[in-house]
Amino acid sequence: MSSIRMKTCAMTAAVAALFLSVPSHAETEPETTDPIVINGGELELPTVAPAPAHLEGVFDQIYSGWLFRDAATQAMQMDDFENPGMIFVDQGIDDWNTVEGKAGKSCASCHEDIESMKGVRAAMPKVNEAGDLWSMEDYINDCRTSRMQAEALEWDSDRMKNLTAAISVQSRGMPMDVAIDGLAEPYWEQGREMYYTRYGQLELACANCHEGHYGDWIRADHLSQGMTNGFPVYRLKQAALVSQHNRFRGCIRDTRGETFDMGSDEFRALELYVASRGNGLPVEGVSVRH
Amino acid sequence: MADNVKPRVRVPKTAKAGEVITIKTLISHQMESGQRKDQDGNVIPRSIINHFSVSFNGTPVLDVKMEPAISTNPYFEFEVAVPESGEFLFTWKDDDGSVYEDRQSIEIS
C-alpha cells in the first residue's frame, strides 16, 4: 500500500512540475500558411504577414483567421459563388445604385461606380476632417444624411452591412494599412488600453484569448488572433453578415460583462487598434467563418 | 412577403456535345420555417421557397419540392449532360406566390 501511495505522490509531484513549466503563453501556430486562392486562381490572398512594428515582442507573424477554420469553411471562401456573403455584396451594390432621400441621389450619383471605393476598407477606421475617428458606417451615414438627405441607417442593419460588404470587397487583396499616428494616436492608445483590459465576471481581456491562446480550442472551435481584415464576415452560425462592432459586443457579452454599444466611441477606438494589429494582412472582403 | 430575394446561377458558357457540366444555384431567402416564435410568443408565419425547377430548351432537368427544414439561402449543385446549344431556365416558387426566374444560355463547341 505504502509503496503505491509513494508512487502516487511522486506522480502528483511530476504532474505539478509539468504544469508549472507550461508557459503562460500557450498559442498554437497554424499547421500551414497557404494563401486563400479565390475562384481557382483569380486572386491570391496571403494568410500570413510579418507583425507590424508596434507588436514587436508580442507576435512575430500575424495570421488570417481563415487558417484556423476547418477545410469546408475555408473552401466556401475560396469560391465567390459558394461564399454566402456574396449574396449580400450583390444586394449592397443594388443599394449603392438606388436613389433615395430628398436630394434625389444614390451613392453612385457622386461616387459613380462602386469600384471607386477601392482602398477605402484598407484604411478604416480613420480620423475625419473634424478630427473624429470614424468607421465606414459613419462615412456612409454622413453621406446619406448630408448629401442624399436620407435617413441614417442603423449600425447593425442588414442594409448597412450589405453596403459595408459591397464597399469592402472592392479592396479585396489590398494590405490593411490603418494610420495610428498623428491625430489617430489618442484613439489608438484608447483602443490598446481596452484590448488589454479585463472585462466581465470572467475577467477576460481580448489579449487573454487572441494573443495568449490563438490556435487553442474554445468550446468546439479554434481561437484566431482576432484579426479584423475579413470583416464584414459571413458567419455560418448566424447565417448572416456580422459587423466588427457586433463581434466586439459578442465577445464582451461572453465575458459576462456589460458591453459597449455598437457605434460607440469605445468600439471605434477598439476597431482602430485591432485593425492596426492586422496591418499587412490583405482585406479579405467578405470572409466566411464559423 | 420575402425581402431581398435574389437568385444566382453559375452555368459554364461553353461545353462539348454530351459533356456533363456542373451547375450551381443559390437564392437568397430567409426560409422561415413556421415553427419559430417571436419575442411575444406569436408564431412567425411560414415563408419559404417551396419549389425549384430547371429546364433546358423546354425539357425538364430537375424538379424539387422544398420543405421548411431547408435552411436559409438554399443552394443546389447538380450535374447535367448537355446535348446541344440552348438555354437553361431556373424557376423558384415562393409561398407568397412570387416566382423568381433566371435564364442562362450555353454554347456547344
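This is a predicted model: local features need pLDDT of at least 70, side-chain atom pairs count only at pLDDT 80 or more; totals for chains, interfaces and linings use all residues.
Local features are reported only at pLDDT of at least 70 and side-chain atom pairs only at pLDDT 80 or more, while totals for chains, interfaces and linings use all residues. Residues are numbered from 1 along each chain as its sequence is written, and chains are lettered from A in the order in which they are written.

**View 1. Chain B in outline.** Chain B has 0 helices and 8 strands. Helices (H or I, at least four residues) and strands (E, at least two) are DSSP runs, numbered from the N terminus. The element order from the N terminus is β-β-β-β-β-β-β-β. Along the principal axes, the C-alpha atoms of chain B fill a box of roughly 60 × 20 × 20 Å. Of the 109 residues in chain B, 17% are buried (20 or more other C-beta atoms, placed from the backbone, within 10 Å of the residue's own).

**View 2. An open sheet in chain B.** This sheet has 3 strands in the order E1-E3-E6, with antiparallel pairing. Two strands pair if DSSP finds at least two bridges between them. E1 and strand E6 (75-82) of chain B are the edge strands, and each pairs on one side only. From one strand to the next, the twist averages 20°. Axes here are lines fitted to C-alpha atoms, for helices over the stretch in contact, and angles run from 0 to 180 degrees between N-to-C directions. E3(B) and E6(B) are joined by 8 bridges. Thr22(B) has Glu79(B) in E6(B) as its bridge partner.

**View 3. A helix of chain A on the sheet.** Helix H3 (residues 85-96) of chain A packs on this sheet of chain B, touching E1 and E3.

**View 4. Where chain B meets chain A.** Here 10 residues of chain B are in contact with 6 residues of chain A. Contact means that the C-beta atoms of two residues, placed from the backbone, lie within 7 Å. Strand E1 (6-10) and strand E3 (19-28) of chain B each supply at least two residues of the side that touches chain A.

**View 5. An open sheet in chain A.** Here 3 strands lie in the order E10-E9-E11, with mixed pairing. Strand E10 (240-242) and strand E11 (288-289) of chain A each have a single partner strand, so one side of each is left without a neighbour in the sheet. Strand E9 (residues 233-235) of chain A runs antiparallel to E10(A), joined by 3 bridges. Tyr234(A) has Leu241(A) in E10(A) as its bridge partner.

Conventions
A residue is buried if 20 or more other C-beta atoms lie within 10 Å of its own, exposed if 12 or fewer, and partly exposed in between; C-beta atoms are placed from the backbone.
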